[in-house]
Each structure stands twice: as structure tokens, then as C-alpha cells.
Amino acid sequence: MPREDDRGKTIAGDRAQQYLDIAGVIIVVLGADERVQLINRKGCDVLGYPESEIRGLNWFDSFVPDRERERTRETFRKLVEGELRVAEKFRNAVVNRDGQTRLIDWHNAVLQNQEGRITATLSSGEDVTDRVRGEQKERELQEQLRQSQKMEAIGSLAG
């Protein structure tokens, strides 16, 4: 049986939350009703809200951009209904409190009750926004260099 401290919280629960909070990735549990049941500190930091304002919200209506909402909701539905393999990686954007869009790579697992029915998803997400933007900028610079080299070659030929 879990021990309780003087505040009435279970020590095991506190320890589990500490483990989640030191993770360098977003960890979020969504119930089958699409509502946030748990989120770690990294998730709160990326979204820009305290946990108390996130818990209970519909994830898709609150944090997924309009242009991606139906696609990501459909993926979630397929996970909850057991139609999708959980080992697959998914990428979608989230919108934080400041209205900024962050690109997240998600890995998902399903949580089941004693009867084996899927009741929630457990997802870990890595914010890849800066990396993806850096790679895109590098591709643009390489293309500019190629164009410059073409113009230089044309100039040499014309001369």
C-alpha cells in the first residue's frame, strides 16, 4: 500500500511525477474522450501553461492547429480503437499560449483497463521545431549556392 505524506499525497505518486518531470520530452496521457489526464513539466513548458490549466482540456481543440486538427484526431481515434500500430511515429504541430506553432515528433502507446479495452494513450513527444527549421535553412542556403555557382559559370562562358 502506498505511504502518504502529511499533505495526503502518495509518496509513490510524487516520485512518479518527479520522474516524468525530469524527462527531456513531452509526456501526455489523453483519455479516450480526448482530454488531458496527465502532462509533465516539459509539456507545460512547450505549451506555455501550468498543469492546472491543461488538465481536463480537450487536446485537439486546445492545442492542435485548425489545419491539422481532423488528421491528428483521426490518428488518435485509430489508436484508441486499436486500428493503428502503436510503434509508429507521428509528427504534428501544437500551438502554445503565445500562438507559436511547435513541431512535435510523437511516439504513442495505448493504456488498457483490466478487460483489455483501450482507455487512454500515453505519448512522448520531442520538439523538433528548431532542428527542422535549421535543416530547411541549410537546404535553402545550399540552393542559393548552387544558383550562384550556375550564374558564375554562365558569366565565365559569356566572357
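**Entry 1: two strands side by side**

I began with strand β4 (residues 101-112), which pairs with β5 in the antiparallel sense over nine bridges. The model I am looking at is predicted, and I keep that in mind throughout. To get my bearings in this pairing, I looked for a facing couple and noted that L111 stands opposite A120 in β5.

β4 and β5 form a hairpin, and five residues lie between them. In that turn I picked out G116, whose phi is positive, about 90 degrees.

**Entry 2: another partner for β5**

Which strand pairs with β5 over six bridges? I found strand β1 (residues 26-31), and its pairing with β5 (residues 118-127) is antiparallel. Here my facing couple is V29 and L122, the latter in β5.

**Entry 3: the whole chain**

I then stepped back to see the order of the elements. The protein chain has six helices and five strands. Reading from the N terminus, I wrote down α-β-β-α-α-α-α-β-β-β-α.

How much of the chain is buried? I noted 31% of the 159 residues. For the accessible surface I have about 10500 Å², with 49% of it belonging to carbon and sulfur atoms.

**Entry 4: aromatic rings**

My next stop was the aromatic rings. A reminder to myself: a pair of aromatic rings is described by the distance of the centres and the angle of the planes.

I counted four aromatic pairs in this structure. One of them is Y49 with F63, at 5.8 Å centre to centre and 70 degrees between the planes. Why is this pair called edge-to-face? Because planes over 60 degrees apart count as edge-to-face, and the planes of Y49 and F63 are 70 degrees apart.

Y49 is in the loop between α2 (41-47) and α3 (51-54), while F63 is in helix α4 (residues 59-63). They are 14 residues apart, and the pair links distant parts of the chain.

Is each of the two buried or partly exposed? Y49 has a relative accessible area of 23%, so I noted Y49 as partly exposed. F63 has a relative accessible area of 1%, so F63 goes down as buried; the cut-off for buried is under 20%.

Y49 and F63 form one aromatic cluster together with W59 and W106.

How values were computed:
Residues numbered from 1 in each chain as written. Predicted model: local features only at pLDDT ≥ 70, side-chain atom pairs only at ≥ 80, totals over all residues. Heavy atoms only, no water. Phe/Tyr/Trp six-rings, centres within 6.5 Å; stacked < 30°, edge-to-face > 60°. Helix = DSSP H or I, 4+ residues; strand = E, 2+ residues; numbered from the N terminus. Buried < 20%, exposed > 50% of the residue type's maximum accessible area, 1.4 Å probe, protein only. Pairing = 2+ DSSP bridges. Areas by Shrake-Rupley, 256 points an atom, 1.4 Å probe, with all protein chains shown as cover.
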